[in-house]
Structure formats: C-alpha cells, structure tokens
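Q: I am new to this structure and would like to go through it step by step. Could we look at it together?

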Amino acid sequence: MSAAVAALIVTAVAVDFGTSIYAEYQLSRAVRRAADLGSDPFVAILDFPFIPQVRRDRYNEVEIKAHAADQPMIGKALLEATMHSVDLTDASWRFRPGAKIPVARLESRIIIDTVHLGRYLGVRDLMVEAPPNETNDATGGTTESGISDPHGLVFTGTPTAAGFDKRVSVTVDLSMADPTTLVFTPTGILTGPDTANQNVPDDQRAAVLAAFAGRLPQQHLPFGIAPTSHGARGSDVIIEGIADDMTVTLPEFRQS
C-alpha cells in the first residue's frame, strides 16, 4: 500500500470518527433538553463506519445512559435505553425535537444502586447479590443483558429500623405488582459462607425480615415500555423492558 493511499484511509477514518463524536454530542444535548435531564447523558452510536449509516438514514445501534437521573421515590437512578435499527427518516441525524423515531428493537432499563435502595428501605450498608445457586450465562445472568433471576436474591445489611444492629443476610424475591411498582419480599435469613453469617433470634426474626420488605412505585421505564424482567446485576437492582417495532420520541425517554 502506498503512503498516499494509507494517508487517505487514515484521513477517512478520522473524519468518520470525528463526525460520529459530533453526532453523539448533538443527540446527547437533544435528549437532555427533551427529557429535562440535569446533565448530558452518555450517548454512543455504535458500529463502524458512521457516515454510511447517516446516508441511509438508519443507525444500527444507539445507547443512551442518563447517570444519576432524578427518579421518583428512590431519589436517583441510572436510566438506560438501547435502540436497534434506528430509522432517522423523520428525526434526521440531528434528532429534531418531537420527531417520531421507529426502532426495530428497544431495550429499556432502570438501574438502582444499593446506596439509594438502602436509604429507601432503611437498611444501612446494603449489598445485593444474585441468587447463590444461579447458573449464569456468559453475560453474567439469566437474561441477555446479564440480569439475574428475581427469586432468592441475597440482601445483606444492617436493619437498624428493626432494632437489630448487626449485619444480616436475607433472601429476597422481586416481583412487579403492576408495570411501575417493584416489590421486595424477604423469604428467610441466610447464613454460611459468603453471607453475613449472622443468626437472628426467633423473637426478632419477623422484624428483621420486615425491614427488607418494601414496595417501590412510580418506576416508569425509559420510553414507557412495559417491564419484561427484573433482578440483579452486580450489586444493582434492575428493571428491564424489551419490545420490538416501537416508535418513540425523545421526550419519552424520561417518564413522569
């Protein structure tokens, strides 16, 4: 390969990369304004090269992540959306406000960290782990995005509200009472390796278990799609929804 050809390729790649960065910045600003976020979300327009995607008015995959977004009841949460085969015909690559955006598949998530969840439940130093007997796939969980089964999660923390000032591990089941209400149902005290290994006296058992129980309402997934799974990934609790053949607008990213 001649030096001239090599230089041309390097220049083309640089132009493509620079254009994609600018497009990601424009989309980030558009999402912030449309969804009334406190800061610019992280945006990634995936797959290379970028410019041919613009020319055919279709992005292969787009990720939007709004860190520390205001979330009802819980205070803050990470809001995520992954859009596959994004039709730009109406929105254009600049994403006009209010434009309709057809997507072939939409993945939507609310990711709640243990700091905010612990404050909400009243459990100090909360740690969440996937069920100990779960067989994970290559992504780290039972779903494609690595979310664990919702049954038998291990919640470890100090339930001071129950008058019990020691760290204890409790098995907890997650469920959805309705499309926007996540329910925490404690099922037992867990002892042994990889737990707090703390026994609870019989006369305090009910109060300790009750400290890990709760309902978390008003959890609307980005773009308002219905939940399809919920569980843990790492030490986070996640509500996820996946839907095909959706048409969305940017203001719908953050639901009220």
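**Helices, salt bridges and aromatic pairs**

Q: On the other side of H4, which residues are exposed?
A: Asp203 and Ala206 are exposed there. Exposed means over 50% relative accessible area, buried under 20%, and partly exposed in between, with a 1.4 Å probe and protein chains only. Helices (H or I, at least four residues) and strands (E, at least two) are DSSP runs, numbered from the N terminus.

Q: Before going on, what kind of model is this?
A: This is a predicted model, in which local features need pLDDT of at least 70 and side-chain atom pairs count only at pLDDT 80 or more, while totals for chains, interfaces and linings use all residues. Residues are numbered from 1 along each chain as its sequence is written, and side-chain values use heavy atoms, with hydrogens and water left out.

Q: Back to H4: which of its residues are buried?
A: In helix H4, residues 202-211, the buried residues are Val208, Leu209 and Ala211. They line one face of the helix, because they fall within an arc of 145° when seen down the axis of H4. The arc is that of the directions from the helix axis to the C-beta atoms.

Q: And what covers the buried residues of H4?
A: The cover includes H3, strand S7 (168-178) and strand S8 (181-190). Contact here means heavy atoms within 4.5 Å.

Q: Where is His116, then?
A: His116 is in helix H3, which spans residues 114-121. His116 counts as buried because its relative accessibility is 17%. Apart from its neighbours within four places in sequence, His116 is in contact with Ile74 and Lys76.

Q: New topic: how many salt bridges are there?
A: The count comes to 10 salt bridges. The rule asks for a side-chain nitrogen of Lys or Arg within 4 Å of a carboxyl oxygen of Asp or Glu.

Q: Which residue forms a salt bridge with Arg109?
A: Glu107 does, with the closest N and O atoms 2.6 Å apart.

Q: Are Arg109 and Glu107 buried or exposed?
A: Both Arg109 and Glu107 are buried. A network of salt bridges links Glu80, Glu107, Arg109 and Glu240.

Q: What about Arg124 and Asp165, how do their side chains meet?
A: Arg124 and Asp165 meet in a salt bridge, at 3.3 Å from N to O. The pair links distant parts of the chain, 41 residues apart: Arg124 is in strand S5 (residues 124-129), and Asp165 is in the loop between strand S6 (153-158) and S7. Asp165 counts as exposed, at 56% relative accessibility, whereas Arg124, at 40%, counts as partly exposed. Arg124 also forms a salt bridge with Asp125, where the closest N and O atoms are 3.8 Å apart.

Q: Now the rings: how many aromatic pairs does a search of the whole structure find?
A: The search finds five aromatic pairs. Rings of Phe, Tyr and Trp (its six-membered ring) pair if their centres lie within 6.5 Å; planes under 30 degrees apart count as stacked, over 60 as edge-to-face and the rest as tilted.

Q: Where do Tyr59 and Phe95 lie?
A: Tyr59 lies in strand S2 (residues 58-71) and Phe95 in the loop between strand S3 (75-87) and strand S4 (101-112), so the pair ties together parts 36 residues apart in sequence. Tyr59 is buried, with a relative accessible area of 0%, and Phe95 counts as buried at 3%. Phe50, Tyr59 and Phe95 form one aromatic cluster.
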